[in-house]
Structure formats: structure tokens, C-alpha cells
Amino acid sequence: MTDPARIRFVVLLDANVLAKPVTRTLIMAAGARSGYGATWSQYEEAEADRHARFGQTTTSAVRAVTGGELSPIGADADRFVTTSPKDRQVLADAIAADALFIVTEDVDDFGRADLEAVGVAAVNPDLFLSVRTTQEGYLEALTFIAQRFKNPQRTVAQLHARLGRAHPLIVAAWASLFPDDEPLPATHNPPVETYRGNRCLSCLQVKPTVKSGLCSQCLA
């Protein structure tokens, strides 16, 4: 859902990410200047719309405004036997979309064996943003979101600080941009798992060993 000429790879957004407007917008708005595109299929969109809170803009409405197209529905989802039944279709959809990563809040629902067999990794949205979002992309996303806050209005710096509650990793990654703005403390405990798979978030290659999203060469 970004300019194809500017993207290096595609990520599939799980329904639990699509259903959170700020997280969804951060990933989408930062994509064009960070070198990735975000997509989803009818399966993820329907689930996200079903879980949208009252008054929230649904994922289908966002897609209608942006003019984005749904990615294909993947086939033979039941072959992924180590993945949670409700997420087997998500993994199949990622393959059909040629996505390298599934951005999800439920990383542990995707089986390691299934992910590694197809070279797709499941990654928490905050970890993904902290590694893959460029400074230009992050500032563009913050500006886009801040412009839509009307009552009360938020500056880009204020929004950055507030993101610390749900996205401490991306806030820490770009803390140098706002040295005078202390981020708000996280409101939730960090997830037990933030990454599963064998594709490095940095170099994008499938590697024998990947820890916390990075291969040994990129960690060095």
C-alpha cells in the first residue's frame, strides 16, 4: 500500500495490528520512506474490522481512502501444522503476498517450523518499527498522525513521548531526535516473544541463526 517503486520488501499486517489505529498508521505511513510496503488480505481485514472499537476508523475504510488493494488469499493453509489454527491462513496469505515478515502481536501463535520452512518471520510491531523505520520515515509518520489530532492537538514531540506507552523500542531508537522530551513509561509488560523465524530484519536474508530478529553478522 505504498509506491511499488520505492519498496524493497513487503510485510503482511495481522488483524491484531490492523485493529490498532496508531500502530497501523505508524507502520503504513513510515513505509514509503523506509523502503517497505504493508499489505493484508480480506481474511485479516475482516478480522480487524470485527474487532474495531466503537468510533474507530475500520481497516476497510482506511483501505478505501488510500486506494489500496487487498493481497491474495493464500492456499493450503492447513499444511502449517505447528501454527495456531486461527493463524494458519495468515501465514498462507503472507506467502501469497510475497511478504518477508508477518507483523503481529501474537508472535508465539506462529510455529517456528512452519515459518522457517517458508522463510517468513513473525515479528512484533514495535521491534519491526525499531529496526526497519528510517529517521525520515518515522518523522513522516509522526507528522501524519499529529496532524489528525484535533482535540487536543499534539505536536510531533508530544506524540513521540506518548508512544513510549505502547512502543518503547521505536521511541528509544529515535530518542536522539527529541532529547528534551522524556517518553511516557510503558503501560504493559513486554511480550515474551517478539520474533520467530530465520529471516534477518536488517539484511533481509534467511540465516541459520537469528536472535531477536537479527543474524550474527548484523548483530556484530
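User: In this predicted model, how many of the nine residues of α5 are buried?
Analyst: Helix α5 spans residues 88-96, and burial here requires a relative accessible area under 20%. The buried residues of α5 are Arg88, Gln89, Val90, Leu91, Ala92, Asp93 and Ala94. The helix is therefore largely enclosed by the rest of the structure, and the number of its nine residues that are buried is seven.

User: Which residues does alanine 94 touch, not counting residues up to four places away in sequence?
Analyst: Alanine 94 is found in helix α5 and has a relative accessible area of 0%, so it is buried. One of its contacts is Val120, 26 residues away along the chain, with the two C-alpha atoms separated by 7.8 Å. With residues up to four places away in sequence set aside, alanine 94 touches Leu12, Ala99, Ile102 and Val120.

User: What is the arrangement of the rings of phenylalanine 9 and phenylalanine 128?
Analyst: By the ring-centre rule, the model holds five aromatic pairs. In the pair of phenylalanine 9 and phenylalanine 128, the ring centres are 6.5 Å apart and the planes meet at 80°. An angle over 60 degrees counts as edge-to-face, so this pair is edge-to-face.

User: How many residues apart in the chain are phenylalanine 9 and phenylalanine 128?
Analyst: Both phenylalanine 9 and phenylalanine 128 are buried. Phenylalanine 9 belongs to strand β1 (residues 9-13), while phenylalanine 128 belongs to helix α7 (residues 125-132). The pair links distant parts of the chain, and its members are separated by 119 residues.

User: Which elements does the pair of tyrosine 36 and phenylalanine 128 tie together?
Analyst: The rings of tyrosine 36 and phenylalanine 128 form an edge-to-face pair, at 5.0 Å centre to centre and 75° between the planes. Tyrosine 36 is buried, with a relative accessible area of 0%, and phenylalanine 128 likewise counts as buried at 0%. The two residues are 92 apart in sequence, so the pair ties together strand β2 (residues 36-39) and helix α7.

User: Which residues are linked by ring pairs into a cluster?
Analyst: Phenylalanine 128 pairs with phenylalanine 9 and also with tyrosine 36. Phe101 belongs to the cluster as well. The cluster linked by ring pairs is Phe9, Tyr36, Phe101 and Phe128.

User: How are α8 and α9 oriented to each other?
Analyst: Two packed helices are described by the angle between their axes and the distance between the axes. For α8 (residues 135-146) and α9 (residues 156-163), the axes come within 9 Å and cross at roughly 100°. Angles of 65 to 115 degrees form the perpendicular class, and the two helices are therefore roughly perpendicular.

User: How many charged residues are in the contact of α8 with α9?
Analyst: Tyr138, Leu142, Thr143, Ile145 and Ala146 in α8 meet Val156, Leu159, His160 and Leu163 in α9. Seven of the contact residues are nonpolar and two are polar; the charged count is none.

User: By class, how many charged residues does the contact of α3 with α4 have?
Analyst: The axes of α3 and α4 (residues 59-66) come within 8 Å and cross at roughly 120°, which makes α3 oblique to α4. Glu45, Ala48 and Asp49 of α3 make the contact with Thr59, Ser60 and Arg63 of α4. One of these residues is nonpolar and two are polar, and the charged residues number three.

Methods. Residues numbered from 1 in each chain as written. Predicted model: local features only at pLDDT ≥ 70, side-chain atom pairs only at ≥ 80, totals over all residues. Heavy atoms only, no water. Phe/Tyr/Trp six-rings, centres within 6.5 Å; stacked < 30°, edge-to-face > 60°. Helix = DSSP H or I, 4+ residues; strand = E, 2+ residues; numbered from the N terminus. Buried < 20%, exposed > 50% of the residue type's maximum accessible area, 1.4 Å probe, protein only. Contact = heavy atoms within 4.5 Å. Axes fitted to C-alpha atoms, helices over the stretch in contact; angles between N-to-C directions. Parallel < 35°, antiparallel > 145°, perpendicular 65-115°, else oblique. Nonpolar A, V, L, I, M, F, W, Y, C, P; charged D, E, K, R; others polar.
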